[in-house]
Amino acid sequence: MSTTTTIPTSLRRSISNTLKGSAGNLVEWYDVYVYSVFAVYFESQFFSSDDKNSTIYVWAIFAVTFLMRPIGSWFFGRFADRYGRRLSLTVSVSLMAFCSLVIAFAPTAEAIGAGAVVILVFARLVQGFATGGEYGTSATYMSEAAMPGRRGFLSSFHYVTLVGGHVLAQTTLLVMVLTLDEEAITAWGWRVAFAIGGVAAVAVFWMRRTMDESLEKHVLADNKAGRSKDSGSMRDLLVNNWRPLLLCFAVTAGGTVAFYTYSVTGPNIVKTAFSGGDVVTGTVINLIALTALMLMQPLGGWLSDKVGRKTLLVFFGVGGVLYTWFLITMLPQQTNEFAAFAILLGGFVILTGYTSINALVKAQLFPTHVRALGVGLGYALANSLFGGTAPLLYAGAQSTEQVPMFIVYVTLIIAVSLAVYIFALRNKAPNWLDDELVMKEAAHKRTRETVASR
């Protein structure tokens, strides 16, 4: 009985594929975060400055794009499971970059009226579609490409580059606030920020074409010839793998609401707190804190190789339940840059318990033939419901003075996921990445027992 994925035998080759896979991830997530980082500047270009709800509209567009992620995860997940991870990743990053260029050259509301918002929404919906495919496929590829025994460390670069996209977006903003005035950034600087993502994709397109495919050649040949009906099958996922799909959703829920609350809403709170006095200070605080979050990912992944994935997830869950109130309540009150940085960094340390290993934990749940589909769909559903809506819910809670309700909401979701981490996961157990043959035997045994019981 053969395996269905290429087993990495060379650390050098594993690292090479990790870097190539993560480079595209970096560019794609830059395109995601450049919207949130520059929203305050292009808001007036698409909505009237007299509209007091314009900020909520901008974040509603940010949130609604997450509705496309499950569709993108379904499309690209099936594509990756049938035709290979490499091709799927190449297509998704190209689509993402194209839409960034559309936004960069989009006309303003002053020029074409409501049509400007239509263009913005359309481009962001397509980007949501592409991002839904990127996460599941890249998480799957980087987990498969990592060597056994070092999977935690190597696969953690999935979130190094995911957070790195945010760091690059913040760096772009910092360069602009240091060299341009606010009027220039509002007029055209934000367009340059979006264009950078589109141009960077050209290099990434070439890099992804040269990385190894993690699916075995015989698997791709069987899929192409139509001999493997279950590859990327939604029916197989829902009928035979609904338990890992549900677990993937539950693992993601608390992590994604914390991620967008801590790493998107948190920096926006800092930016607002310091905007009246010194825009540069708020931007520098966010940039240093996010860089620290990025650099902590390999440490978390390496630690999980030593103590187990469950241990880190439980650390995140307990920390998130206890720390969310403090972060959301105290961060807006800070006028001292060191205190603001310390509060934000504390949240990022806790968040690392989830971000550094979540891609690997999910990839281990699914057999190869539905892995990209299962990881992507489980993530995208939870991400759409709890992650992308978090900044919008915070903005709404802030405008109605109901921030404590938002804190309770975030804390409860993290608490639910914490219960899943404690009772549904084990540190030492066979999984589909490291013990494929064992898992196949166990699956066949359950099938025989089910048939016999009938």
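Biologist: Why is tryptophan 29 called buried?

Modeller: In this predicted model, tryptophan 29 has a relative accessible area of 0%. Buried means under 20%, so tryptophan 29 is buried. Tyrosine 33, at 0% relative accessibility, counts as buried by that cut-off.

Biologist: Where do tryptophan 29 and tyrosine 33 lie?

Modeller: Both are in helix α1 (residues 11-46), 4 residues apart, about one turn of the helix.

Biologist: By the ring rule, how many aromatic pairs are there?

Modeller: The count comes to 29 aromatic pairs.

Biologist: What makes the pair of tryptophan 29 and tyrosine 33 tilted?

Modeller: Their ring centres are 6.0 Å apart, and the limit for pairing is within 6.5 Å. The planes stand at 35 degrees; under 30 would be stacked and over 60 edge-to-face, so the pair is tilted.

Biologist: Why is phenylalanine 153 called partly exposed?

Modeller: Its relative accessibility is 31%. Buried needs under 20% and exposed over 50%, so phenylalanine 153 counts as partly exposed. Phenylalanine 153 is in helix α7 (residues 151-155). With Leu299, Trp302, Leu303 and Val307, Phe153 forms a nonpolar surface patch of about 440 Å² accessible area together.

Biologist: How do you know that the length of helix α19 (residues 403-424) agrees with expectation?

Modeller: At 1.5 Å a residue, its 22 residues should span 32 Å. The end C-alpha atoms are 32 Å apart, so the two values agree. Buried residues of α19 include Phe406, Ile413 and Tyr421.

Key: Residues numbered from 1 in each chain as written. Predicted model: local features only at pLDDT ≥ 70, side-chain atom pairs only at ≥ 80, totals over all residues. Heavy atoms only, no water. Patch = residues over 30% accessible without salt bridge, like charges linked within 9 Å, V, L, I, M, F, W, Y side chains within 5 Å. Areas by Shrake-Rupley, 256 points an atom, 1.4 Å probe, with all protein chains shown as cover. Salt bridge = Lys/Arg side-chain N within 4 Å of Asp/Glu carboxyl O. Helix = DSSP H or I, 4+ residues; strand = E, 2+ residues; numbered from the N terminus. Buried < 20%, exposed > 50% of the residue type's maximum accessible area, 1.4 Å probe, protein only. Expected span 1.5 Å × (residues − 1).
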